[in-house]
Amino acid sequence: MSLDFVVYMMVNTLLVIAAAPFFVSFIKKVKAWTQGRRGPSVFQTYANLAKLLKKEVIYSPHSSRIMRVTPYVNIAAALVASLFVPLAFVPEPVGGIGNIILFLYLLALGKFFMALSGLDAGSSFGGMGSSREMSISAVIEPTTIIVFAALAFVFKTLNIFTIFSVTAGSSTPVTPTLILLGISLFIILIVETSRIPVDNPETHLELTMIHEGMILEQSGRNLALMELSSGIKLTLLIALLINLVLPFGLGTTLTVAGIAIAAVLFLLKGVLLGGIIGLFESSMSKMRFFRLPSLFAMAFFFSTLTIIIEVFT
Amino acid sequence: MILTAFVVATLVAIGLVAICHTNRQMNAVAIAHGIFFVAVAVAMLATVSLPVNTVLLGSQYFSIDHFGLFEILIAVVIFMLGAIYAGGYVESLIATGELEKGSLKLFSGAWCLLLLLIVLAFSADNLALFWIFAELTTILSAMLIAVLSAKENIDAAIKYILIASTAMLFSFIGFIFLFEVSRTTLGTGSLNWTELMQHAGSFPPAMMIAVFAFVFIGFGAKSGIFPFHTWLPEAHVKAPSAVSAVLSSVLLNIGIYAIIRTAALVHQTSAMTIVSPFILLFAILTSGIAAFSMLPQRNLKKLIAFSSIENMGITLIGLAIATPVAVFWVIFHVMAHAFTKASLFLSAGILHRQYHSKFSGEAPDDIRDVFRLQPLAAWGIVIGGLAIIGMPPSPVFFSKIFILLQLVGYSLGALLIVLVLIFIAAGAFGYFVITSFMQRESPESSEAPEASGQTGSGVPPLSSGSPLDFEQYETPLGMKIPIIALIAIVIVLGIWFPSGETAFISRIVADLRF
Amino acid sequence: MTDMASIEGIIKILFVVVIIAAAYIISTRNILSLVSVYSLQSLTLAAIALALWIADGKIVLLEIAIVTIASKVLIIPYFIATIQERIRIKRDIEFHYLNPTTSLLVSMVMMLVIYFALSRILPTAPGTPSLLFFGAVIGISLMLMGMMVTFSRKRAITKVMGYLSMENGVLFFGMFVTELPLIIEFLIIIDLIILVLLTTILAVGIDSTLEEYHNRLHRFHLWEDKEDAS
């Protein structure tokens, strides 16, 4: 393991942890603006997390060990996954780090434990959230696989690092395949981070909540970890999309100034994408559960199209 | 020149319709318009040597050859007779309130314009131009269907437009292909039929298959070929009978005309051996679906409409065989079917006036005492029915028998199937005529369904509420003459083959190079 | 020469936009956005025609672009939007045979089939530009996708939208496979406008009761009833 990589690990992890709460509250802010409200400050999530970390943890008497383990598994999975997606600086890949499939499985691991913990406390809302989350995951799974397969197919590699260094080095800004992949990835992002047509991250309305239902029983420090890990997930998917479609500024060599510029650029591009997500959420209404497959089919369609185009041209 | 005359005549007619006030005046305009067209067409037949060159027509995109003139003659005669018939028919529609007075102008105007468009379509040399005229005829005839402004009519018209136009786009793709083929082989692209015909032998067969497939989808839908035939029964049933006659006798021919022309192009390449089994397959499917739909049919107009589909299938069978004799009889069949079917629809129109049957097409007809009340229409249906099922010596008999004889050399199995289908269709027709026309006015028979209605079957009795005593509908002379004329034409066509007619059709076959 | 390459790149991106619009037309249930996406698609088509014109210099393409913008970007969408406002139908949520998800999957399969069928038929020697070939494939696919919309929707107004997007496919195909004389293109557009007018006027009748329908026709001055008035 080279020095480069050690630096990369530290920088990337710090950047992810620092940026995640910001993106979460920024999207909230955008949504508030479109609704004509002022909305909470963009640093609100930092304060929330700090507050939660100080609070004591209360477990339901019916809960088992799963409940206690889940926050740590979740944050661990999220942090390890964060190593797979370079935000500002792409080093040479080392070992299996950067493998797309492993990345997906890390995300799935966190999700799995979250669903288990939802069931664990035995509250009805948690169970509902878990069952919905799992049904959606089962339906979105083929789409996710196809989207990432298309990604791998286009760049002829399974490694995210290699993909990013290709996009960072390419001269043509936009290609048809990238547009199609971008749309597919955007849909995946919406689904995976429980955004509006699928789930509403803001409500605690029993009829609609999915993600919130599952973490309803978490409290204190554990809740903070859960929130943070879902924020990290959002940041990672944003980074994936940004560095594919708008890769300019992404550094491939290690310099302090380069990293600083790339990090700032990343934040700016993230703000742009966060704005798009917020507008998208505001313009949509929540879809009925059984109509969701048509959203997924769209992503499926575009990514298959990408593969077709790649095969035949 | 000639086309300009047609266009000017139509414009004048539409202008006159716009200033007319009564139905009688508008009808007179429509009849005069029809007679003018017939006169010009007959004059063309008698004096001009075919194909009519471009100087006479006034545009390089048009040219009338034997085939075109043949179709034009059929169209103008049927339109003229239809216009004569429409006078009394429309009067009665207005009397019962089925047609609003306000839409009279629309009806007459669209009628005249439709005839013009059909004539232009048949005289177009450029296939794309032909396509556009064919498409416009769809729209105008849909307007004529929707003129009754009942909800079912609008429904049928929309269905007709959407299915026919959607499919027609495919045939446009076919023509684009054809253009590309001609561009790559000839250097300059052309869609002019005469030019294409000269060079068709050198076109690549694979492309020609694609061309034919696309054109067939489109114009197959226009002429009611399976699987796009679904619009046809509804549209034909719900249209006013004069329009039904035109739809069935003339508009279906447009589709068949285009298919025959394209097949003539394909025939000159080696692709015909691949294409013709497919034509045969679809022809048999079409006839089969139609024959089996006719069997349980209790609605006269729907029965006649399905019979049109069946006859289109038979036309295509002849085309699939593609020997000169078969094509000769295909073209003869087109003519025979047109006149016979027009007489049937016009007679059915009188019966509809008599019994005030609903135009919905779902309800069975309630026909009683038909020979006492409407002897002419009844005999029209009987004679027309006998002619359409191919009883000798009707013209359809000859075309069917010769097409079938040609089929012997092509495929014996297909022959058997087609024979069975023709018998089924004939049986269906005969069964309907015998059962409905034998019905007498009897109180018992009309009370029986009411009794069954009271047992709580949930189905409303079909004939409840219909008056037992039908008042006789006074059929005006104007509605009788066209039927008599058409039946006379059918009989003459069946028993007298003048050498001029045979030579004319042979010339068409020769022009098509079959 | 770099100019050509960049134009080709732009055209490829526009291809993708056209396909995305088609996919949206298949799957959306909101009629108003259907109309705007249709006009976006037509606009893209016009842009492609313009790009081809810059590349080829054939004046016909410029004319096609102008005609397309005038008719399909402005007149027809405006007309349909007006009609749609009057009949107050906002969504079309009923489907025959195919729901949007299946339609998308089916259209994918169809694209592949068309690709293979066309690669056999069209004379694509290695020298011929693949752009034109792709244009042909997308054109026919667009048509079939439009056809699925026409057959799977229940409302007449959405059926018309399907027909319109089919027609876009035909234009697309014609643009890439060969160049047709403008007069024909023009006549097709006229035909299209008449068809849309008639069908939507009739469709207004379908989605309401008969009396209302007559009132509407009177309001549009399409059904004159002078003798009653006098």
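Me: Hi! I'm new to this one. Is the model predicted or something else, and what should I know about that?
Reply: Welcome! The model is predicted. Let's start with the chains and then look at how they touch.

Me: What about its contacts, where do they reach along the sequence?
Reply: Take the contacts in chain B with a separation of 6 or more: 80% of them are between residues 24 or more positions apart.

Me: Okay, chain C now. What is its secondary structure?
Reply: Chain C comes to nine helices and zero strands. Reading from the N terminus, its elements go α-α-α-α-α-α-α-α-α.

Me: How many residues does chain C have, and what share is buried?
Reply: There are 230 residues in chain C, and buried ones make up 45%. As for contacts between residues at least 6 apart in sequence, 74% of those in chain C join residues at least 24 apart.

Me: Let's go to the interfaces. How many residues of chain B and chain C are in contact?
Reply: On chain B it is 32 residues, and they are in contact with 36 residues of chain C.

Me: Which helices of chain B supply that side?
Reply: On the side of chain B that touches chain C, at least two residues each come from α6 (127-146), α7 (151-186) and α9 (205-222). Of the elements there, α7(B) gives the most, with 17 residues.

Me: What classes of residue are on that side of chain B?
Reply: The side of chain B that touches chain C has 20 nonpolar residues, plus six polar and six charged.

Me: And how many residues make the contact of chain C with chain A?
Reply: That contact takes 18 residues from chain C and 16 from chain A. On the chain C side, α1 (2-27) and α4 (100-121) each supply at least two residues. The most comes from α1(C), with nine residues.

Me: Which classes are found there, on chain C's side?
Reply: The side of chain C that touches chain A divides into 13 nonpolar, four polar and one charged.

Me: Is C:A117 buried, exposed or partly exposed, and why?
Reply: C:A117 is partly exposed, because it has 14 other C-beta atoms within 10 Å, while a buried residue needs 20 or more. For a sense of distance, C:A117 and C:I64 are 53 residues apart along the chain, and their C-alpha atoms are separated by 28 Å.

Me: What does B:A146 touch?
Reply: Not counting residues up to four places away in sequence, B:A146 touches B:N153, B:I154, B:A157 and C:L202. B:V40 is another story: B:A146 and B:V40 are 106 residues apart in sequence and 30 Å apart in space, C-alpha to C-alpha.

Me: Where is the largest nonpolar core, and which residues have the most contacts inside it?
Reply: The largest nonpolar core has 366 residues, and B:I78 and B:L144 have the most contacts inside it. The helix that gives the most to this core is α7(B), with 21 residues.

Me: What is B:L144 in contact with?
Reply: Leaving aside neighbours within four places in sequence, B:L144 is in contact with B:F107, B:A110, B:W111, B:L114, B:A239 and B:V243.

Me: Last topic, helix packing. At what angle do α5 and α6 of chain C pack?
Reply: Helix α5 (residues 130-152) and helix α6 (residues 156-177) of chain C pack at about 165 degrees, with their axes 7 Å apart. That makes α5(C) roughly antiparallel to α6(C). The crossing of α5(C) past α6(C) is left-handed.

Me: And in chain A, how do α2 and α9 pack?
Reply: Helix α2 (residues 44-54) and helix α9 (residues 220-245) of chain A pack at an angle of about 150 degrees, with axes 6 Å apart. Among the residues making this contact are A:L49 of α2(A) and A:L223 of α9(A). By class, the contact has six nonpolar, one polar and two charged residues.

Key: Residues are numbered from 1 along each chain as its sequence is written. Chains are lettered from A and ligands numbered from 1 in the order in which they are written. This is a predicted model: local features need pLDDT of at least 70, side-chain atom pairs count only at pLDDT 80 or more; totals for chains, interfaces and linings use all residues. Two residues are in contact if their C-beta atoms, placed from the backbone, lie within 7 Å. Helices (H or I, at least four residues) and strands (E, at least two) are DSSP runs, numbered from the N terminus. Ala, Val, Leu, Ile, Met, Phe, Trp, Tyr, Cys and Pro count as nonpolar, Asp, Glu, Lys and Arg as charged, and the others, Gly among them, as polar. Axes are lines fitted to C-alpha atoms, for helices over the stretch in contact, and angles run from 0 to 180 degrees between N-to-C directions. Angles under 35 degrees count as roughly parallel, over 145 as roughly antiparallel, 65 to 115 as roughly perpendicular and the rest as oblique. A crossing is left-handed if the near helix is turned anticlockwise from the far one by less than a right angle, and right-handed if clockwise. A nonpolar core is a set of buried Ala, Val, Leu, Ile, Met, Phe, Trp, Tyr and Cys residues joined through C-beta atoms within 7 Å. A residue is buried if 20 or more other C-beta atoms lie within 10 Å of its own, exposed if 12 or fewer, and partly exposed in between; C-beta atoms are placed from the backbone.
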